[in-house]
Amino acid sequence: MYSIKNIKLQCWGRLTHEPNLLYCLEEHTDSFHKVDKLKEIKEGNIWAIGGGKGGTGKTFLTSSIGIFLAKAGKRVVLIDVDIGGANLHSFLGINRPKKSLTNFFEMGIPLSRLAVKTGVDNMSLITGDVHSLASDSIKFTQKLKLFRHIMKLNKQYVIIDLGGGSHNNTIDTFLMADKRIAVLEPEIIAIENMYHFVKNALFRKIRMALRTYGFKEIVEHMWEQREKHNIKSLKELIESLKESFSYLGDILDKELSDFKVYLVLNKIRSSQDILIGSSMKSIFMKYLGINAQFAGYIEYDDAVWRSIRERRPLMLNYSLSRVAKEIGVFTENLLYEREMKISRS
Amino acid sequence: MSKKELKKYFEILEISPDSTILEIRNAYNRLKKLYSTDSVVISPIADEFSKKDRKEILEQVEEAFKKLMESLKGRHSSSPSPTGDFASDYDPTAEKTEEESYSGSVLKQIREKMGIQLFEVSLDTKIRMELLERIEDEKFDSLPQEVYLKGHLTNYASYLLLKPDKVTQDYIARYRAWKEGEKEKR
(Lines give C-alpha, C1' and ligand atoms only; values in the text may rest on other atoms or scores of the structure.)
Protein backbone atom coordinates (compact mmCIF):
# COMPACT_ATOMS: atom_id res chain seq x y z
CA MET A 1 0.00 0.00 0.00
CA TYR A 2 2.79 2.37 0.89
CA SER A 3 5.14 1.87 -2.01
CA ILE A 4 7.35 4.77 -2.99
CA LYS A 5 5.56 4.98 -6.32
CA ASN A 6 2.21 5.30 -4.59
CA ILE A 7 3.43 8.07 -2.39
CA LYS A 8 4.86 9.92 -5.35
CA LEU A 9 1.58 9.54 -7.20
CA GLN A 10 -0.42 10.75 -4.25
CA CYS A 11 1.85 13.72 -3.78
CA TRP A 12 1.65 14.52 -7.46
CA GLY A 13 -2.10 14.32 -7.38
CA ARG A 14 -2.29 16.66 -4.48
CA LEU A 15 0.16 19.06 -6.01
CA THR A 16 -2.46 20.18 -8.45
CA HIS A 17 -4.75 21.15 -5.60
CA GLU A 18 -2.26 22.10 -2.96
CA PRO A 19 0.97 23.80 -3.85
CA ASN A 20 2.58 22.81 -0.58
CA LEU A 21 4.63 19.89 -1.83
CA LEU A 22 6.93 19.82 1.13
CA TYR A 23 4.12 19.29 3.56
CA CYS A 24 2.70 16.50 1.47
CA LEU A 25 6.01 14.71 1.06
CA GLU A 26 6.78 15.01 4.75
CA GLU A 27 3.42 13.61 5.70
CA HIS A 28 3.84 10.60 3.47
CA THR A 29 7.45 9.79 4.16
CA ASP A 30 6.48 9.92 7.80
CA SER A 31 3.69 7.39 7.46
CA PHE A 32 5.86 5.33 5.15
CA HIS A 33 8.47 5.27 7.85
CA LYS A 34 5.90 4.26 10.46
CA VAL A 35 4.45 1.41 8.44
CA ASP A 36 7.92 0.17 7.71
CA LYS A 37 8.87 0.26 11.35
CA LEU A 38 5.72 -1.41 12.56
CA LYS A 39 6.49 -4.48 10.53
CA GLU A 40 9.61 -4.88 12.57
CA ILE A 41 7.73 -4.77 15.84
CA LYS A 42 6.42 -8.28 16.10
CA GLU A 43 7.15 -8.76 19.71
CA GLY A 44 7.71 -6.24 22.41
CA ASN A 45 4.14 -5.20 22.74
CA ILE A 46 3.48 -5.92 26.39
CA TRP A 47 4.10 -2.72 28.27
CA ALA A 48 4.03 -2.47 32.07
CA ILE A 49 3.69 0.86 33.82
CA GLY A 50 4.92 1.08 37.39
CA GLY A 51 7.30 3.14 39.43
CA GLY A 52 6.86 2.58 43.14
CA LYS A 53 5.12 5.64 44.45
CA GLY A 54 1.37 6.08 44.33
CA GLY A 55 -0.19 9.12 42.73
CA THR A 56 2.52 9.74 40.17
CA GLY A 57 0.10 9.19 37.33
CA LYS A 58 0.51 5.54 36.39
CA THR A 59 -3.18 4.98 35.69
CA PHE A 60 -3.54 8.26 33.84
CA LEU A 61 -0.55 7.31 31.70
CA THR A 62 -1.90 3.81 31.02
CA SER A 63 -5.22 5.17 29.78
CA SER A 64 -3.57 7.93 27.72
CA ILE A 65 -0.99 5.70 26.05
CA GLY A 66 -3.76 3.21 25.27
CA ILE A 67 -5.95 5.85 23.65
CA PHE A 68 -3.02 7.24 21.66
CA LEU A 69 -2.14 3.81 20.27
CA ALA A 70 -5.77 2.94 19.58
CA LYS A 71 -6.28 6.21 17.74
CA ALA A 72 -3.21 5.38 15.68
CA GLY A 73 -5.05 2.27 14.54
CA LYS A 74 -3.51 -0.35 16.78
CA ARG A 75 -5.44 -2.93 18.74
CA VAL A 76 -5.00 -2.29 22.43
CA VAL A 77 -5.93 -4.15 25.60
CA LEU A 78 -5.53 -2.37 28.91
CA ILE A 79 -5.10 -4.53 31.98
CA ASP A 80 -5.50 -3.09 35.44
CA VAL A 81 -3.62 -5.32 37.84
CA ASP A 82 -3.69 -2.72 40.58
CA ILE A 83 -5.59 -5.29 42.58
CA GLY A 84 -7.20 -3.65 45.56
CA GLY A 85 -7.13 -0.26 43.91
CA ALA A 86 -8.31 -0.86 40.38
CA ASN A 87 -9.70 2.37 38.99
CA LEU A 88 -8.55 2.49 35.39
CA HIS A 89 -12.19 2.36 34.25
CA SER A 90 -12.82 5.71 35.94
CA PHE A 91 -10.07 7.31 33.90
CA LEU A 92 -11.86 6.10 30.78
CA GLY A 93 -15.18 7.38 32.06
CA ILE A 94 -16.90 4.02 32.18
CA ASN A 95 -18.48 2.13 35.05
CA ARG A 96 -16.71 -0.66 36.87
CA PRO A 97 -16.89 -3.74 34.64
CA LYS A 98 -18.80 -6.66 36.15
CA LYS A 99 -16.24 -9.14 34.91
CA SER A 100 -12.77 -8.97 36.38
CA LEU A 101 -9.53 -10.91 36.84
CA THR A 102 -11.27 -12.71 39.73
CA ASN A 103 -13.26 -14.61 37.12
CA PHE A 104 -10.02 -15.62 35.49
CA PHE A 105 -8.46 -16.86 38.72
CA GLU A 106 -11.53 -18.49 40.22
CA MET A 107 -13.43 -19.78 37.23
CA GLY A 108 -10.79 -19.95 34.52
CA ILE A 109 -12.65 -17.71 32.13
CA PRO A 110 -10.23 -16.72 29.33
CA LEU A 111 -8.88 -13.19 29.29
CA SER A 112 -10.31 -12.40 25.88
CA ARG A 113 -13.81 -12.92 27.26
CA LEU A 114 -13.15 -10.66 30.22
CA ALA A 115 -12.26 -7.70 28.06
CA VAL A 116 -14.95 -5.03 27.97
CA LYS A 117 -15.47 -2.16 25.55
CA THR A 118 -14.06 1.20 26.57
CA GLY A 119 -15.88 3.56 24.26
CA VAL A 120 -12.66 3.97 22.27
CA ASP A 121 -12.42 2.04 19.03
CA ASN A 122 -9.84 -0.75 19.01
CA MET A 123 -9.36 -0.61 22.78
CA SER A 124 -10.70 -2.91 25.48
CA LEU A 125 -10.18 -3.21 29.20
CA ILE A 126 -9.62 -6.03 31.65
CA THR A 127 -9.90 -4.93 35.22
CA GLY A 128 -8.75 -6.19 38.59
CA ASP A 129 -11.20 -6.42 41.43
CA VAL A 130 -11.32 -4.33 44.53
CA HIS A 131 -13.60 -6.42 46.72
CA SER A 132 -13.11 -10.11 46.38
CA LEU A 133 -9.43 -10.48 45.74
CA ALA A 134 -6.57 -9.73 48.07
CA SER A 135 -3.35 -9.67 46.11
CA ASP A 136 -1.68 -11.93 48.69
CA SER A 137 -4.09 -14.70 47.86
CA ILE A 138 -2.79 -15.10 44.31
CA LYS A 139 -0.65 -18.17 44.18
CA PHE A 140 2.59 -18.35 42.26
CA THR A 141 1.15 -20.83 39.75
CA GLN A 142 -1.88 -18.60 39.21
CA LYS A 143 0.40 -15.72 38.51
CA LEU A 144 2.37 -17.71 35.95
CA LYS A 145 -0.87 -18.76 34.32
CA LEU A 146 -1.95 -15.12 34.06
CA PHE A 147 1.39 -14.17 32.46
CA ARG A 148 1.07 -17.02 29.99
CA HIS A 149 -2.38 -15.87 28.98
CA ILE A 150 -1.31 -12.25 28.72
CA MET A 151 1.47 -13.26 26.35
CA LYS A 152 -1.07 -15.13 24.24
CA LEU A 153 -3.03 -11.93 23.61
CA ASN A 154 -1.06 -11.62 20.41
CA LYS A 155 -1.20 -9.03 17.69
CA GLN A 156 -2.30 -6.53 20.25
CA TYR A 157 -0.68 -3.98 22.44
CA VAL A 158 -1.15 -4.94 26.05
CA ILE A 159 -0.72 -2.03 28.45
CA ILE A 160 -0.58 -3.05 32.09
CA ASP A 161 -1.24 -0.67 34.96
CA LEU A 162 0.76 -1.98 37.91
CA GLY A 163 -0.28 0.23 40.76
CA GLY A 164 2.02 1.46 43.48
CA GLY A 165 4.33 -0.36 45.84
CA SER A 166 7.10 -2.89 45.40
CA HIS A 167 5.14 -6.07 46.14
CA ASN A 168 6.51 -9.25 44.59
CA ASN A 169 3.47 -9.64 42.35
CA THR A 170 3.91 -6.11 41.07
CA ILE A 171 7.60 -6.64 40.42
CA ASP A 172 7.09 -9.98 38.68
CA THR A 173 4.55 -8.43 36.35
CA PHE A 174 6.96 -5.58 35.68
CA LEU A 175 9.71 -8.06 34.83
CA MET A 176 7.44 -10.13 32.60
CA ALA A 177 6.72 -7.16 30.31
CA ASP A 178 8.64 -6.44 27.11
CA LYS A 179 8.77 -2.76 27.87
CA ARG A 180 9.16 -1.61 31.45
CA ILE A 181 8.02 1.92 32.01
CA ALA A 182 8.58 3.72 35.30
CA VAL A 183 6.69 6.92 36.03
CA LEU A 184 7.93 9.49 38.48
CA GLU A 185 7.41 13.04 39.58
CA PRO A 186 10.33 15.42 39.94
CA GLU A 187 10.34 15.28 43.73
CA ILE A 188 12.49 13.44 46.22
CA ILE A 189 9.98 10.88 47.54
CA ALA A 190 8.99 9.65 44.11
CA ILE A 191 12.64 9.47 43.08
CA GLU A 192 13.54 7.52 46.21
CA ASN A 193 10.67 5.06 45.70
CA MET A 194 11.65 4.65 42.08
CA TYR A 195 15.22 3.67 42.98
CA HIS A 196 13.84 1.21 45.48
CA PHE A 197 11.41 -0.23 42.96
CA VAL A 198 13.98 -0.62 40.18
CA LYS A 199 16.57 -2.05 42.56
CA ASN A 200 14.09 -4.61 43.87
CA ALA A 201 13.16 -5.58 40.35
CA LEU A 202 16.81 -5.96 39.34
CA PHE A 203 17.65 -8.02 42.42
CA ARG A 204 14.70 -10.30 41.76
CA LYS A 205 15.67 -10.70 38.12
CA ILE A 206 19.24 -11.61 39.05
CA ARG A 207 18.06 -14.07 41.67
CA MET A 208 15.67 -15.71 39.22
CA ALA A 209 18.37 -15.93 36.56
CA LEU A 210 20.87 -17.50 38.94
CA ARG A 211 18.20 -19.90 40.10
CA THR A 212 17.63 -21.17 36.58
CA TYR A 213 21.36 -21.74 36.30
CA GLY A 214 21.33 -23.51 39.65
CA PHE A 215 23.16 -20.90 41.68
CA LYS A 216 20.25 -19.88 43.84
CA GLU A 217 21.97 -20.53 47.16
CA ILE A 218 25.05 -18.53 46.32
CA VAL A 219 23.29 -15.22 45.93
CA GLU A 220 21.01 -15.74 48.91
CA HIS A 221 23.88 -16.82 51.12
CA MET A 222 25.93 -13.84 50.04
CA TRP A 223 23.07 -11.46 50.76
CA GLU A 224 22.40 -12.95 54.20
CA GLN A 225 26.08 -12.65 55.08
CA ARG A 226 26.31 -9.18 53.64
CA GLU A 227 27.69 -7.60 56.79
CA LYS A 228 30.50 -10.10 56.97
CA HIS A 229 31.40 -9.49 53.34
CA ASN A 230 30.99 -5.74 53.80
CA ILE A 231 28.30 -5.46 51.13
CA LYS A 232 26.18 -2.34 51.41
CA SER A 233 24.48 -2.11 48.07
CA LEU A 234 23.22 -4.17 45.19
CA LYS A 235 26.12 -2.98 43.09
CA GLU A 236 28.60 -4.22 45.66
CA LEU A 237 26.77 -7.53 45.86
CA ILE A 238 27.06 -7.95 42.11
CA GLU A 239 30.73 -7.02 42.20
CA SER A 240 31.59 -9.43 44.99
CA LEU A 241 29.61 -12.19 43.26
CA LYS A 242 31.72 -11.62 40.17
CA GLU A 243 34.91 -11.61 42.19
CA SER A 244 34.17 -14.74 44.18
CA PHE A 245 32.68 -16.77 41.33
CA SER A 246 34.22 -15.78 38.04
CA TYR A 247 31.93 -18.08 36.09
CA LEU A 248 28.96 -15.93 37.14
CA GLY A 249 30.43 -12.88 35.42
CA ASP A 250 28.89 -13.53 32.02
CA ILE A 251 25.45 -14.35 33.43
CA LEU A 252 25.42 -11.23 35.58
CA ASP A 253 26.64 -9.01 32.78
CA LYS A 254 23.92 -10.33 30.51
CA GLU A 255 21.23 -9.81 33.14
CA LEU A 256 22.39 -6.25 33.69
CA SER A 257 22.54 -5.35 30.02
CA ASP A 258 19.14 -6.95 29.34
CA PHE A 259 17.50 -4.98 32.08
CA LYS A 260 16.11 -1.88 30.45
CA VAL A 261 13.79 0.69 32.00
CA TYR A 262 12.02 3.58 30.32
CA LEU A 263 11.55 6.68 32.43
CA VAL A 264 8.63 9.07 32.09
CA LEU A 265 8.59 12.27 34.12
CA ASN A 266 5.14 13.46 35.10
CA LYS A 267 3.93 16.81 36.46
CA ILE A 268 7.02 18.81 35.64
CA ARG A 269 6.77 22.51 36.42
CA SER A 270 9.93 23.95 34.86
CA SER A 271 12.38 23.18 32.10
CA GLN A 272 14.90 22.52 34.85
CA ASP A 273 12.77 19.54 35.93
CA ILE A 274 13.32 17.87 32.57
CA LEU A 275 17.02 17.50 33.40
CA ILE A 276 16.05 15.10 36.20
CA GLY A 277 15.22 12.56 33.50
CA SER A 278 18.69 12.61 31.96
CA SER A 279 20.33 12.78 35.39
CA MET A 280 18.52 9.63 36.49
CA LYS A 281 19.55 7.88 33.31
CA SER A 282 23.16 8.62 34.15
CA ILE A 283 22.81 7.53 37.77
CA PHE A 284 21.12 4.25 36.82
CA MET A 285 24.07 3.47 34.57
CA LYS A 286 26.82 4.52 36.95
CA TYR A 287 25.20 3.30 40.16
CA LEU A 288 23.48 0.07 39.11
CA GLY A 289 25.03 -0.54 35.73
CA ILE A 290 21.68 -0.72 33.98
CA ASN A 291 20.33 0.95 30.90
CA ALA A 292 17.57 3.48 31.50
CA GLN A 293 16.06 5.48 28.68
CA PHE A 294 14.43 8.82 29.27
CA ALA A 295 11.35 8.53 27.07
CA GLY A 296 9.72 11.87 27.83
CA TYR A 297 7.77 14.09 30.15
CA ILE A 298 4.36 15.58 30.85
CA GLU A 299 4.06 19.06 32.21
CA TYR A 300 1.77 19.91 35.08
CA ASP A 301 -1.62 21.00 33.80
CA ASP A 302 -4.98 21.44 35.48
CA ALA A 303 -6.59 20.00 32.36
CA VAL A 304 -5.49 16.56 33.55
CA TRP A 305 -7.23 16.97 36.85
CA ARG A 306 -10.29 18.48 35.17
CA SER A 307 -10.61 15.65 32.67
CA ILE A 308 -10.38 13.04 35.42
CA ARG A 309 -13.03 14.80 37.46
CA GLU A 310 -15.29 15.13 34.43
CA ARG A 311 -14.67 11.44 33.70
CA ARG A 312 -13.77 12.26 30.12
CA PRO A 313 -10.32 11.14 28.94
CA LEU A 314 -7.93 13.97 28.23
CA MET A 315 -6.68 12.33 25.07
CA LEU A 316 -10.19 12.56 23.61
CA ASN A 317 -11.45 15.77 25.14
CA TYR A 318 -8.36 17.93 25.19
CA SER A 319 -6.60 16.22 22.33
CA LEU A 320 -4.97 19.46 21.21
CA SER A 321 -3.53 20.32 24.62
CA ARG A 322 0.19 20.37 25.24
CA VAL A 323 -0.14 17.45 27.63
CA ALA A 324 -1.76 15.36 24.90
CA LYS A 325 1.05 16.26 22.51
CA GLU A 326 3.68 15.35 25.08
CA ILE A 327 1.97 12.00 25.63
CA GLY A 328 2.09 11.42 21.89
CA VAL A 329 5.80 12.25 21.79
CA PHE A 330 6.89 9.82 24.46
CA THR A 331 4.52 7.08 23.34
CA GLU A 332 6.20 7.19 19.93
CA ASN A 333 9.58 7.19 21.66
CA LEU A 334 8.51 4.07 23.54
CA LEU A 335 7.21 2.47 20.38
CA TYR A 336 10.44 2.96 18.48
CA GLU A 337 12.72 2.67 21.52
CA ARG A 338 14.00 6.17 21.10
CA GLU A 339 15.32 8.61 23.61
CA MET A 340 13.80 11.98 24.39
CA LYS A 341 15.52 14.71 22.43
CA ILE A 342 16.48 17.56 24.68
CA SER A 343 17.23 20.81 22.94
CA ARG A 344 18.92 23.49 24.94
CA SER A 345 17.80 26.47 22.94
CA MET B 1 44.71 6.46 21.04
CA SER B 2 43.07 3.20 20.05
CA LYS B 3 39.49 2.98 18.88
CA LYS B 4 38.60 0.94 21.91
CA GLU B 5 39.87 3.60 24.27
CA LEU B 6 37.96 6.30 22.41
CA LYS B 7 34.80 4.26 22.64
CA LYS B 8 35.29 3.85 26.36
CA TYR B 9 35.67 7.60 26.85
CA PHE B 10 32.52 8.29 24.89
CA GLU B 11 30.72 5.73 27.03
CA ILE B 12 31.87 7.39 30.23
CA LEU B 13 30.47 10.68 28.97
CA GLU B 14 27.29 8.81 27.93
CA ILE B 15 27.29 10.11 24.37
CA SER B 16 27.55 8.47 20.98
CA PRO B 17 30.93 8.37 19.20
CA ASP B 18 29.71 10.71 16.48
CA SER B 19 29.01 13.52 18.93
CA THR B 20 30.17 17.01 18.10
CA ILE B 21 32.66 18.88 20.25
CA LEU B 22 29.88 20.97 21.67
CA GLU B 23 27.97 17.82 22.65
CA ILE B 24 31.09 16.43 24.32
CA ARG B 25 31.51 19.66 26.22
CA ASN B 26 27.86 19.77 27.25
CA ALA B 27 27.92 16.17 28.43
CA TYR B 28 31.07 16.85 30.43
CA ASN B 29 29.59 19.94 32.09
CA ARG B 30 26.34 18.15 32.86
CA LEU B 31 27.98 15.10 34.45
CA LYS B 32 30.44 17.21 36.40
CA LYS B 33 27.59 19.20 37.88
CA LEU B 34 25.46 16.12 38.55
CA TYR B 35 28.08 14.18 40.50
CA SER B 36 29.62 17.09 42.38
CA THR B 37 26.44 18.54 43.88
CA ASP B 38 23.93 17.04 46.28
CA SER B 39 20.82 17.17 44.18
CA VAL B 40 17.38 15.70 44.54
CA VAL B 41 18.39 12.75 42.36
CA ILE B 42 21.49 11.87 44.39
CA SER B 43 20.40 12.35 47.99
CA PRO B 44 17.90 9.42 48.15
CA ILE B 45 20.80 7.01 47.54
CA ALA B 46 23.47 8.92 49.45
CA ASP B 47 23.99 6.05 51.91
CA GLU B 48 24.74 3.53 49.16
CA PHE B 49 26.32 5.85 46.66
CA SER B 50 29.16 7.27 48.68
CA LYS B 51 31.20 10.42 48.17
CA LYS B 52 34.09 8.12 47.26
CA ASP B 53 32.11 6.48 44.43
CA ARG B 54 31.17 9.87 43.14
CA LYS B 55 34.73 11.11 43.30
CA GLU B 56 35.83 8.16 41.20
CA ILE B 57 33.15 8.91 38.64
CA LEU B 58 34.18 12.56 38.51
CA GLU B 59 37.78 11.58 37.91
CA GLN B 60 36.77 9.24 35.09
CA VAL B 61 34.64 11.95 33.52
CA GLU B 62 37.50 14.43 33.78
CA GLU B 63 39.92 12.02 32.16
CA ALA B 64 37.53 11.06 29.38
CA PHE B 65 36.90 14.68 28.48
CA LYS B 66 40.57 15.59 28.51
CA LYS B 67 41.54 12.61 26.37
CA LEU B 68 38.76 13.19 23.85
CA MET B 69 39.67 16.84 23.47
CA GLU B 70 43.31 15.92 23.00
CA SER B 71 42.52 13.38 20.32
CA LEU B 72 40.32 15.87 18.46
CA LYS B 73 42.97 18.55 18.65
CA GLY B 74 45.55 16.15 17.28
CA ARG B 75 43.37 15.76 14.23
CA HIS B 76 43.60 19.48 13.61
CA SER B 77 47.29 20.21 14.02
CA SER B 78 47.27 23.75 12.71
CA SER B 79 45.12 24.87 15.62
CA PRO B 80 46.52 27.05 18.37
CA SER B 81 47.26 25.35 21.66
CA PRO B 82 44.44 25.33 24.20
CA THR B 83 44.30 28.16 26.65
CA GLY B 84 42.46 28.39 29.95
CA ASP B 85 40.33 25.70 31.47
CA PHE B 86 38.11 23.44 29.42
CA ALA B 87 35.09 23.77 31.58
CA SER B 88 32.91 26.71 31.18
CA ASP B 89 29.43 26.87 32.56
CA TYR B 90 28.88 29.99 30.55
CA ASP B 91 25.37 30.19 29.25
CA PRO B 92 25.07 32.69 26.40
CA THR B 93 21.31 32.98 26.67
CA ALA B 94 21.53 34.08 30.29
CA GLU B 95 23.87 37.00 29.75
CA LYS B 96 22.88 38.33 26.40
CA THR B 97 20.06 40.84 26.31
CA GLU B 98 17.80 41.24 23.32
CA GLU B 99 18.75 44.92 22.95
CA GLU B 100 22.41 44.29 22.11
CA SER B 101 23.47 43.98 18.51
CA TYR B 102 25.48 40.99 17.35
CA SER B 103 28.62 42.27 15.69
CA GLY B 104 31.58 40.14 14.74
CA SER B 105 33.42 41.05 17.90
CA VAL B 106 30.39 40.21 20.08
CA LEU B 107 30.25 36.77 18.47
CA LYS B 108 33.95 36.35 19.15
CA GLN B 109 33.49 37.40 22.79
CA ILE B 110 30.66 34.93 23.28
CA ARG B 111 32.66 32.14 21.72
CA GLU B 112 35.68 32.86 23.88
CA LYS B 113 33.56 33.04 27.03
CA MET B 114 32.23 29.60 26.21
CA GLY B 115 35.82 28.43 26.01
CA ILE B 116 35.42 27.20 22.44
CA GLN B 117 38.30 27.32 20.00
CA LEU B 118 37.75 28.46 16.44
CA PHE B 119 38.88 25.12 15.04
CA GLU B 120 36.21 23.35 17.08
CA VAL B 121 33.55 25.53 15.45
CA SER B 122 35.08 24.78 12.11
CA LEU B 123 35.08 21.04 12.72
CA ASP B 124 31.45 20.96 13.78
CA THR B 125 29.91 23.51 11.44
CA LYS B 126 32.09 22.68 8.42
CA ILE B 127 32.72 26.39 7.88
CA ARG B 128 36.32 27.09 6.91
CA MET B 129 38.40 28.57 9.69
CA GLU B 130 39.63 31.52 7.63
CA LEU B 131 36.05 32.41 6.85
CA LEU B 132 35.06 32.25 10.50
CA GLU B 133 37.97 34.54 11.32
CA ARG B 134 36.88 36.99 8.65
CA ILE B 135 33.34 36.95 9.98
CA GLU B 136 34.48 37.67 13.50
CA ASP B 137 36.87 40.40 12.37
CA GLU B 138 34.20 41.87 10.11
CA LYS B 139 36.44 41.87 7.04
CA PHE B 140 33.43 42.65 4.92
CA ASP B 141 35.36 43.04 1.66
CA SER B 142 36.47 39.41 1.72
CA LEU B 143 33.19 37.83 2.78
CA PRO B 144 31.05 35.77 0.39
CA GLN B 145 27.83 37.04 -1.09
CA GLU B 146 24.98 37.88 1.23
CA VAL B 147 22.94 34.72 0.65
CA TYR B 148 25.92 32.51 1.48
CA LEU B 149 26.91 34.71 4.38
CA LYS B 150 23.41 34.36 5.85
CA GLY B 151 23.72 30.59 5.74
CA HIS B 152 27.06 30.62 7.51
CA LEU B 153 25.82 33.04 10.15
CA THR B 154 22.75 30.91 10.87
CA ASN B 155 24.98 27.89 11.21
CA TYR B 156 27.47 29.62 13.47
CA ALA B 157 24.81 31.29 15.64
CA SER B 158 22.97 28.05 16.34
CA TYR B 159 26.28 26.44 17.21
CA LEU B 160 26.78 29.12 19.87
CA LEU B 161 23.18 28.47 21.06
CA LEU B 162 22.15 31.96 19.99
CA LYS B 163 19.01 32.90 18.11
CA PRO B 164 20.00 32.56 14.45
CA ASP B 165 17.40 35.05 13.19
CA LYS B 166 18.56 37.82 15.48
CA VAL B 167 22.24 37.25 14.82
CA THR B 168 21.80 37.15 11.06
CA GLN B 169 19.62 40.25 11.07
CA ASP B 170 22.08 42.27 13.15
CA TYR B 171 25.14 41.15 11.28
CA ILE B 172 23.66 41.61 7.83
CA ALA B 173 22.52 45.11 8.80
CA ARG B 174 26.13 45.98 9.63
CA TYR B 175 27.27 44.39 6.39
CA ARG B 176 24.81 46.41 4.35
CA ALA B 177 25.75 49.64 6.09
CA TRP B 178 29.35 49.00 5.14
CA LYS B 179 28.33 48.31 1.55
CA GLU B 180 26.44 51.60 1.34
CA GLY B 181 29.48 53.42 2.68
CA GLU B 182 31.65 51.82 0.02
CA LYS B 183 29.26 52.92 -2.73
CA GLU B 184 29.30 56.51 -1.53
CA LYS B 185 33.07 56.55 -1.49
CA ARG B 186 33.10 55.71 -5.17
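**Terms and overview**

I take a helix to be a DSSP run of H or I with at least four residues, numbered from the N terminus. The model I am reading is predicted. Chain A has 345 residues, of which 39% are buried. I then looked up its contacts with a separation of 6 or more, and 72% of them join residues 24 or more positions apart.

**The sheet**

In what order do the eight strands of the open sheet in chain A stand? I read the order as S3-S4-S2-S5-S1-S6-S7-S8, with mixed pairing. Strand S3 (116–117) and strand S8 (291–299) of chain A are at the edges; each has a single partner strand, so one side of each has no neighbour in the sheet. As a reminder to myself, strands of a sheet pair through backbone hydrogen bonds, in either a parallel or an antiparallel way.

**Strand S4 and its partners**

I looked at both partners of S4(A). Strand S2 (residues 76–80) of chain A runs parallel to strand S4 (residues 123–126) of chain A, and four bridges join them. In this pairing A:Val76 has A:Met123 as its bridge partner, and A:Leu78 has A:Leu125. S3(A) runs antiparallel to S4(A), with two bridges between them. Here A:Leu125 turns up again, as the bridge partner of A:Val116. S3(A) and S4(A) make a hairpin with five residues between them. In the turn I found A:Gly119, whose phi is positive at about 90 degrees.

Are the residues on the two faces of S4(A) buried or exposed? In a regular strand the side chains alternate between the two faces of the sheet. On one side of S4(A) I noted A:Met123 and A:Leu125, and on the other A:Ser124 and A:Ile126; all are buried, and both faces are covered.

**A helix across the sheet**

I moved on to helix H16 (residues 322–335) of chain A. H16 lies across strand S6 (179–184), strand S7 (260–268) and S8 of chain A. Its angle to S8(A) is about 165 degrees.

**Two positive phi values**

Most residues other than glycine have a negative phi. I looked up two exceptions. A:Arg311 has a positive phi of about 55 degrees and is not a glycine. A:Arg311 sits in the loop between helix H14 (302–309) and helix H15 (314–317) of chain A. Why does A:Arg311 count as partly exposed? It does because it has 13 C-beta neighbours inside 10 Å, and partly exposed lies between the limits of 12 or fewer for exposed and 20 or more for buried.

A:Glu337 also has a positive phi, near 55 degrees, and is not glycine. I found A:Glu337 in the segment after H16 of chain A. With 13 other C-beta atoms within 10 Å, A:Glu337 is partly exposed.

**Where chain A touches chain B**

How many residues does each chain give to the contact? I noted 16 residues from chain A and twelve residues from chain B. On the side of chain A, the elements that give two or more residues are helix H9 (188–212) and helix H13 (271–288). H13(A) gives the most, with eight residues. I sorted the residues on this side of chain A by kind: eight are nonpolar, four polar and four charged.

Notes. Residues are numbered from 1 along each chain as its sequence is written. Chains are lettered from A and ligands numbered from 1 in the order in which they are written. This is a predicted model: local features need pLDDT of at least 70, side-chain atom pairs count only at pLDDT 80 or more; totals for chains, interfaces and linings use all residues. Two residues are in contact if their C-beta atoms, placed from the backbone, lie within 7 Å. Two strands pair if DSSP finds at least two bridges between them. Axes are lines fitted to C-alpha atoms, for helices over the stretch in contact, and angles run from 0 to 180 degrees between N-to-C directions. Ala, Val, Leu, Ile, Met, Phe, Trp, Tyr, Cys and Pro count as nonpolar, Asp, Glu, Lys and Arg as charged, and the others, Gly among them, as polar.
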